[in-house]
Amino acid sequence: SEDNLNLKEKAGKYIDFLNANAYDKERDVRTNIAGEFQKSNLAAALQTAELICGRLDEDKIYEALSQIRISGREGIVKMYWPGRMEEIAPGIIVDVSHNIQGMQGFVQTVEANYHGMKKRILFAASHQNKEEYMKNILKTIPEIEAFYTVGIHKRRIDEAEFQDAFRKMIDRNQETTVCFVVGSFYLAGMAKEFINQEEENVRL
């Protein structure tokens with residue numbers, strides 16, 4: 001439960017927390033992923049692994065956690081769920097929160113880890129009937145500098161519309177502004193493909 005997870009430290013790149021319950025000793029867990037929801041995800045994963053495999057070696061646990069990365073850059077071990085607070089280029093993060101619960105978790109993570117920074121958001125809704133509601137949730141994030149929306153029609157996003165919005169979003173001061181691509185697997189996929197194909201030609 002949340003009562004067993006005591007947050008020690010969090011930042012844009014990692015989260016550090018204590019995991020303790022009546023059946024186990026207190027465990028200090030630090031991992032290279034920053035989502036606010038990740039502490040409960042990781043605690044559940046550790047408990048599940050121990051139920052299946054038996055008591056785990058502490059050193060192996062820490063080694064595994066230290067290898068988790070959220071990055072699309074070459075040379076980094078990719079042990080993550082793609083599209084969950086994934087930094088695809090410096091200061092450009094994609095998150096596939098595509099429902100109300102996911103969007104609320106995304107907002108909490110952004111508020112906790114990017115306080116004091118300006119934000120630019122590119123949004124697309126997979127579920128049209130929830131688009132306005134999710135937009136309103138996103139707009140509660142403090143210090144939004146710009147907000148862009150692209151439409152999804154028959155599971156497709158117009159490429160020209162996407163590129164226009166994406167280029168506008170990333171045209172910013174990198175040190176003071178972070179860009180988020182959020183709301184759809186299709187949108188996240190297009191952003192990652194765009195960065196992979198045109199990274200040399202894009203001012204990041």
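Which backbone oxygen lies 3.0 Å from a polar atom of the side chain of S97? That of G102. The model is a predicted one, where local features need pLDDT of at least 70, side-chain atom pairs count only at pLDDT 80 or more, and totals for chains, interfaces and linings use all residues. Residues are numbered from 1 along each chain as its sequence is written, and side-chain values use heavy atoms, with hydrogens and water left out.

Back to S97, then. This residue sits in the loop between β5 (92-95) and α3 (100-113); helices (H or I, at least four residues) and strands (E, at least two) are DSSP runs, numbered from the N terminus. S97 counts as buried because its relative accessibility is 1%, where buried means under 20% relative accessible area, exposed over 50%, and partly exposed in between (1.4 Å probe, protein chains only). Its side chain also makes a polar contact of 2.3 Å with the side chain of D95. A polar contact here is a pair of N or O atoms within 3.5 Å; within protein, one must be able to donate a hydrogen and the other to accept it, and residues adjacent in sequence count only if both atoms are side-chain atoms. Leaving aside residues up to four places away in sequence, S97 touches R84, G102, M103, F106, V182, G183 and S184, with contact meaning heavy atoms within 4.5 Å.

Over in strand β8 (residues 177-182) there is T177, which counts as buried because its relative accessibility is 2%. T177 and K119 are 58 residues apart in sequence, yet their C-alpha atoms are 5.5 Å apart in space. K119 is also among the residues that T177 touches, along with K118, R120, E145 and R172, again not counting residues up to four places away in sequence.

Helix α5 (residues 159-170) has 12 residues and runs 16 Å from first C-alpha to last, close to the 16 Å expected at 1.5 Å a residue; the expected span is 1.5 Å times one less than the number of residues. Buried residues in α5 are F162, A165, F166, M169 and I170. They lie on the same side of α5 because they cover an arc of only 125 degrees around the axis, the arc being that of the directions from the helix axis to the C-beta atoms. At the N-terminal end, D158 caps α5, with a side-chain oxygen 3.2 Å from the backbone nitrogen of A160.

As for the whole fold, the protein chain has 6 helices and 8 strands, in the order β-β-β-α-α-β-β-α-β-α-β-α-β-α along the sequence. Of its 204 residues, 46% are buried. Among contacts between residues at least 6 apart in sequence, 60% join residues at least 24 apart.

The chain averages a pLDDT of 76, and 68% of the residues score at least 70; pLDDT is the predictor's confidence in each residue, from 0 to 100. Strand β6 (residues 118-123) has the highest mean, at 96, and strand β1 (residues 5-10) the lowest, at 48. Over residues 8-15 the pLDDT is below 50, though this stretch has 34 contacts in the model beyond near neighbours in sequence. Residues 70-79 also stay under 50, with 23 contacts beyond four places in sequence. Where pLDDT is low, the predicted coordinates should not be read in detail.
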